[in-house]
Amino acid sequence: MDINSQVVDRLRTVFRSGVTVPEQFRRTQLTNLMSLVKENEEQIIKALHKDLAKPKFEAVLSEVHILMNELHLAINNLKSWMQPEYVSKNLATKLDECFIRREPLGVVLIIGAWNYPLQLLLLPLVGAIAAGNCVILKPSEISAATDNLMAELIPKYLSQDCYAVVSGGAEETKALLQNRFDHIFYTGSQNVARSILQAASVHLTPVTLELGGKCPCFMDEGLDMTTAARRLAWAKFFNAGQSCVAPDYVLCSEATRDALLPALRQILEEFYTKEPQKCPDVSRIVSQRHWTRLMELLKKSSGKIVLGGESNEEDKYIAPTVLVDVAEDDALMKEEIFGPILPIITVESLQQGIDFMNRQEKPLALYVFSNNSSVVKKVLENTSSGGFCSNDGIIHMTLPSLPFGGVGASGCGSYHGHWSFEAFSHRRACMLRGWALERLNGLRYPPYREDKLSWLRWSTSPSRCSIM
């Protein structure tokens, strides 16, 4: 038996003992996780900078603060989340106690991602702990500094009997997936997700897949272009474009494009100065391999670079870059860009833009910039995506009361806030019956008669509603 199997079996034995079920245990572990983040914030920020040259501002905002908010929400609401949910009843069940009971799934696997290596590992962990599970965490080996820090800190703050960290690369992950889990939560690429689905199918293990895709941004005419460009540039170039919900490309008319470009030029200089490579607010590409992939996309593209385009392989740097004259079949449109490269595609009308978006796979997020609420409504009602936001980017996924997740090729399942608790809970349907009203129950026993059937249909039907 390999070491991973031993860890899984050990955690499964502990889970069956019931130690993770009591509210106080869950609350203590969540509080300990909060202490981990508070007491080691500087180390976390240094690790994130080492992995991605992530500015402290972005590290705190998108990794530390969002995690602390999630922890506060879970701790404050844990008791109510754990309460049984009583449901409506019909006449035949009036004397019964009918409710939904949230129960932990068991031993779950969380596989993190390298672009937000703290958030995407520990945010789902909050839900898994709150729901009462034992957890194996697999950080991304690509963000090695954060991986090593998590492997060091988690055993110090959380129960080693119930939570474990497994480090390693693709081969280690493959070996880990040979074990049976009660749920697998994965954040990453669609290609790896296919392998995870295959591994999960062997044990019929349910999965949550947080993937991504090409998130479009339709820009209407008549915008305050300075404000629109500022919001677009922030959402696109935050973390050097290495965000699964970053706008992947822009759809707009030629007139809007011509107004947008000078505004973007002004805003990018305002954000990152005339020499963005020297600006401390510009992150770097996570690895040489990913830098090369992005540069190959630029090389193959038939689009025209109008802003940026500078790069440095040794520094893993690519300047915020904007291209025009990009066709639908361009190399940049074949896959999620996941970097600081923004293609602008021109369309002649709103309907043409909607048709363009609907020809692509369903994205994790979809954005529309417009002063016209009817335009926003039309895009919302005639497209499909994991999330939707008008007149801004990324912001919707920071609100924990909204579920965050994909649809179709961008993923399945959702989390954040209460939705994380639900993702790691089994909703068990419960009916507690006594021995009363046996005469009424007798209607369902043989010998069968038409009058019995009529009474049963009446007593088990929902309240009647008028039909217009």
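What follows is a chat about this chain, from its overall make-up to single residues.

A: This is a predicted model, so local features need pLDDT of at least 70, side-chain atom pairs count only at pLDDT 80 or more, and totals for chains, interfaces and linings use all residues. Residues are numbered from 1 along each chain as its sequence is written, and side-chain values use heavy atoms, with hydrogens and water left out.

Q: How many helices and strands are in the protein chain?
A: The protein chain has 16 helices and 20 strands. Helices (H or I, at least four residues) and strands (E, at least two) are DSSP runs, numbered from the N terminus.

Q: What box do the C-alpha atoms fill?
A: Roughly 85 × 60 × 40 Å, along the principal axes.

Q: And what share of the residues counts as buried?
A: 53% of the 468 residues. Buried means under 20% relative accessible area, exposed over 50%, partly exposed in between (1.4 Å probe, protein chains only).

Q: Sheets next. What is the strand order in the sheet of 6 strands?
A: The order is β5-β4-β3-β6-β7-β18, in an open sheet with mixed pairing. β5 (163-165) and β18 (411-412) are at the edges with a single partner strand each, so one side of each has no neighbour in the sheet. Two strands pair if DSSP finds at least two bridges between them.

Q: Is β3 paired with β4 parallel or antiparallel?
A: Parallel, over 5 bridges, with β4 covering residues 134-138. Leu 109 is opposite Ile 136 in β4, and Ile 111 is opposite Lys 138.

Q: How many residues of β3 are buried?
A: In β3 (residues 107-111), 5 of 5 are buried. Val 107, Leu 109 and Ile 111 point one way, Val 108 and Ile 110 the other.

Q: What about the open sheet of 3 strands?
A: Its order is β1-β2-β20, with antiparallel pairing. β1 (85-86) and β20 (425-432) are the edge strands, each pairing on one side only. β1 is joined to β2 (residues 97-104) by 2 bridges. Glu 85 has Ile 100 as its bridge partner in β2.

Q: Switching to helices. How do α3 and α6 cross?
A: The axes of α3 (residues 41-52) and α6 (residues 144-157) come within 7 Å and cross at roughly 150 degrees. That makes α3 roughly antiparallel to α6. Axes are lines fitted to C-alpha atoms, for helices over the stretch in contact, and angles run from 0 to 180 degrees between N-to-C directions. Under 35 degrees counts as roughly parallel, over 145 as roughly antiparallel, 65 to 115 as roughly perpendicular and the rest as oblique.

Q: Which residues of α3 and α6 meet?
A: Gln 43, Ile 44, Ala 47, Leu 48, Lys 50 and Asp 51 in α3 meet Ala 144, Ala 145, Thr 146 and Leu 149 in α6. Contact means heavy atoms within 4.5 Å.

Q: Now α9. What is its span?
A: α9 (residues 225-237) has 13 residues and reaches 17 Å from first C-alpha to last, close to the expected 18 Å. The expected span is 1.5 Å times one less than the number of residues.

Q: What do the buried residues of α9 pack against?
A: Among the elements are β8 (215-219), β9 (247-252) and α10 (254-272). The buried set includes Met 225, Leu 232 and Phe 237.

Q: Last one: is Thr 256 buried or exposed?
A: Thr 256 counts as buried because its relative accessibility is 3%. Thr 256 lies in α10. Not counting residues up to four places away in sequence, Thr 256 touches Met 219, Asp 220, Glu 221 and Met 225.
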